[in-house]
Amino acid sequence: MISTLNPTTDTSARGNYGRALDYISASRLSCWQQCRRKHYFRYVADIPSEPSPAMHLGKVVHATLQQWNLWRWDRKPYTMNDLHAAFFHSWEKEQAENTVPWKSDKEHDDLRDKAWELVTAYLDAAVIDESEDIAGVEVRLEAEIEGLPTVIGIVDLVRGGGRIVDFKTAAKSPSQNSAGHVHGTQLGIYALLYRHCTGTRELGIELHHLVKTKVPKVCVSEFGSMSDREIGNVIALMHQYVDSVKAGDCTPSPSFMCSGCEYLSQCKSWQGGEVQGNGDAS
Ligand code: SF4
């Protein structure tokens with residue numbers, strides 16, 4: 001369908017930025033980098049994402065590892081039964097809050113089993129010594145930077161000495177050559193926030209991927225501390241982001257990723273103009 005209005009010159013949305021400029025985060029910036037129109041649907045038009053099995057699994061695995069880290073941080077003894085109970089509780093809680101349209105009971109049960117397998121695979125891999133020092137778990141970091149909305153990040157884990165860790169669930173193993181490039185924005189924001197909040201340079205950043213292969217895998221990508229140039233680049237990127245949102249840039253970036261985009265139907269039928277929360281174009 002041919003759009004009747006060029007989204008990049010649509011002025012009707014100017015001055016109405018939805019929640020896009022309430023604050024800046026790595027996920028907002030990454031979404032905007034991926035596709036301006038997807039960012040518009042999610043953060044300006046504020047169309048909620050449909051809960052999906054993959055999101056459900058990711059949240060529950062994340063919550064279970066968070067509990068594991070909190071017990072370690074508190075030096076509290078725990079058993080695998082305790083961890084499984086925490087996992088099960090997270091699964092049920094997530095289910096109650098965000099109902100996933102499961103195709104069948106089997107799909108639900110298989111995914112729940114897969115999620116627990118990922119957790120146990122991660123612990124079996126012993127990537128982290130259980131007794132090592134922890135500087136923080138689920139740490140909320142904020143920075144005020146001139147000319148920008150507040151920058152916010154929530155870091156999964158800070159290992160002793162200042163190694164920042166982010167847990168990710170993924171369908172396939174990350175490319176060791178490109179992981180730093182693909183996640184560069186997130187790495188830069190975390191480093192910037194860490195320095196801003198602690199006054200010290202991070203020792204390094206690690207991405208711990210829990211991969212949903214038939215036999216679950218754990219892949220760790222390690223990066224040293226970010227360079228000043230990389231930090232400068234991410235600050236420049238945030239200014240571009242603000243300018244782009246204020247300009248009402250909704251340029252689509254069609255790619256093979258569109259088949260998995262939760263806004264595919266709205267995108268295909270969009271004829272420009274503001275989109276209401278129900279996804280209708282006007
Ligand atoms: S369907 Fe593709 S082009 Fe459209 S919003 Fe989603 S990612 Fe962007």
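This is a predicted model: local features need pLDDT of at least 70, side-chain atom pairs count only at pLDDT 80 or more; totals for chains, interfaces and linings use all residues.
Residues are numbered from 1 along each chain as its sequence is written, and side-chain values use heavy atoms, with hydrogens and water left out.

Now zoom out. An unreviewed UniProt entry annotates residues 24-268 as "domain: PD-(D/E)XK endonuclease-like"; such annotations may be inferred rather than shown by experiment, and the positions follow the numbering used here, with feature names shortened. That span is 49% helix and 17% strand, and its end C-alpha atoms sit 28 Å apart. Helices (H or I, at least four residues) and strands (E, at least two) are DSSP runs, numbered from the N terminus.

Let's follow some helix pairs. Two packed helices are described by the angle between their axes and the distance between the axes. Axes are lines fitted to C-alpha atoms, for helices over the stretch in contact, and angles run from 0 to 180 degrees between N-to-C directions.

Start with α1 (residues 26-34) and α7 (residues 184-198), whose axes come within 9 Å and cross at roughly 150 degrees. These two are therefore roughly antiparallel, the word for angles over 145, while under 35 is roughly parallel, 65 to 115 roughly perpendicular and the rest oblique. Where do α1 and α7 meet? A26, L29, S30 and Q33 of α1 touch T185, Q186 and I189 of α7, contact meaning heavy atoms within 4.5 Å. This contact has 3 nonpolar, 4 polar and no charged residues.

Helix α7 also packs on α8 (residues 228-246), their axes coming within 9 Å and crossing at roughly 105 degrees, which means α7 is roughly perpendicular to α8. From α7, T185, G188, I189, A191, L192 and R195 meet D228, I231, V234, I235, L237 and M238 of α8. By class, that gives 8 nonpolar, 2 polar and 2 charged residues.

Finally, α3 (residues 53-73) and α4 (residues 80-97) pack at about 140 degrees with axes 9 Å apart, so α3 is oblique to α4. Their contact divides into 9 nonpolar, 5 polar and 3 charged residues.

Notes
Ala, Val, Leu, Ile, Met, Phe, Trp, Tyr, Cys and Pro count as nonpolar, Asp, Glu, Lys and Arg as charged, and the others, Gly among them, as polar.
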